[in-house]
Amino acid sequence: MDKKEIKQLLKSKPVDGSFNVFKENDGIIKIYKDPMFELERYATVIFPGSLVQEEQIYWLESKQPFVKGSNLPNGIVYYERLPIGVMYPKYFEGYKNFYHLHEESVETMIRNFRTAIDKNMELIRNGIFNFDFTMHNILYKGNDVQLIDLDGKYVTDRLSVARVYSYFVYGMMNEIYDKVKLLYGEKEALKIIRELTKLVDSIPLDN
């Protein structure tokens, strides 16, 4: 994109819940936060604290043929040769993040919990470790679950499965426990959590 196109993009409304993510045709453009602040304040990019790691995006793009369950970034946005953002091929309109799962049935919560784990394990099998695998970065619409924000400083090829799952499992278990306890009582809630713990324990942790 040239400067004119980027300035035009910034005049459009960002997607709900963000200030730096914009819908572009069927996909999205995510401008990294530091250059976004500078573009808003100075109408140019001067000394951003962080930029896109180009090698990381090329690496993730190369993994897409082997990753079937998630959309990886498929391009870099430049501003005067500075890599300020990334593109994704699909915008998940009408999806909610996992913090809304308590609004759904217990069956949907557990099924989507399992789907999120399965999709994340596919990434891990392909050497992609997302340390920001949290409720905020998992979207769903009915039974369709999508992982987002698969770029940036929290995505790496370093092996640490335990760290990847630490925040997600704690948050998701609490959501399910509270929901089941409210509907069926504490005894049933503890039973469900024990079963889900077996599922989590089956994940091959490296540490």
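In strand S2, Lys30 is the bridge partner of Val21. Strand S1 and strand S2 (residues 27–31) pair in the antiparallel sense, and four bridges join them. The model described here is predicted.

- Four strands make up an open sheet, and their order is S1-S2-S4-S3.
- The pairing within this sheet is antiparallel.
- Strand S1 (21–24) and strand S3 (75–79) are the edge strands, each of which pairs on one side only.
- On average, neighbouring strands of the sheet are turned by 30° against each other, with direction ignored.

**The aromatic rings**

- A pair of aromatic rings is described by two quantities, the distance of the centres and the angle of the planes.
- The structure has seven aromatic pairs.
- One of these is formed by Phe98 and Phe168, with 6.4 Å from centre to centre and 40° between the planes, and this pair is tilted.
- Phe98 is found in the loop between strand S5 (96–97) and helix H4 (106–125), whereas Phe168 belongs to helix H5 (residues 161–184).
- The pair of Phe98 and Phe168 therefore links distant parts of the chain, since a cut-off of 6.5 Å between centres defines a pair and the two residues are 70 residues apart.
- Are Phe98 and Phe168 buried or exposed? Both Phe98 and Phe168 are buried.
- Phe168 also pairs with Phe113: the ring centres are 5.5 Å apart and the planes stand at 20°, so this pair is stacked. The reasoning rests on the cut-off for stacked pairs, which is planes under 30 degrees apart.
- Because Phe113 lies in helix H4 and Phe168 in helix H5, their pair ties together parts that are 55 residues apart in sequence.
- Phe113 is buried, as is Phe168.
- Phe98, Phe113 and Phe168 are among the members of one aromatic cluster, which also includes Phe133, Tyr140 and Tyr165.

**The surface patch**

- Which residues make the nonpolar surface patch? Tyr42, Ile46 and Phe47 make this patch, which has an area of about 370 Å².
- Tyr42 lies in helix H2 (residues 33–42).
- The relative accessibility of Tyr42 is 44%, so Tyr42 counts as partly exposed. This class lies between buried, under 20%, and exposed, over 50%.

Methods. Residues numbered from 1 in each chain as written. Predicted model: local features only at pLDDT ≥ 70, side-chain atom pairs only at ≥ 80, totals over all residues. Heavy atoms only, no water. Phe/Tyr/Trp six-rings, centres within 6.5 Å; stacked < 30°, edge-to-face > 60°. Buried < 20%, exposed > 50% of the residue type's maximum accessible area, 1.4 Å probe, protein only. Patch = residues over 30% accessible without salt bridge, like charges linked within 9 Å, V, L, I, M, F, W, Y side chains within 5 Å. Areas by Shrake-Rupley, 256 points an atom, 1.4 Å probe, with all protein chains shown as cover. Salt bridge = Lys/Arg side-chain N within 4 Å of Asp/Glu carboxyl O. Pairing = 2+ DSSP bridges. Axes fitted to C-alpha atoms, helices over the stretch in contact; angles between N-to-C directions.
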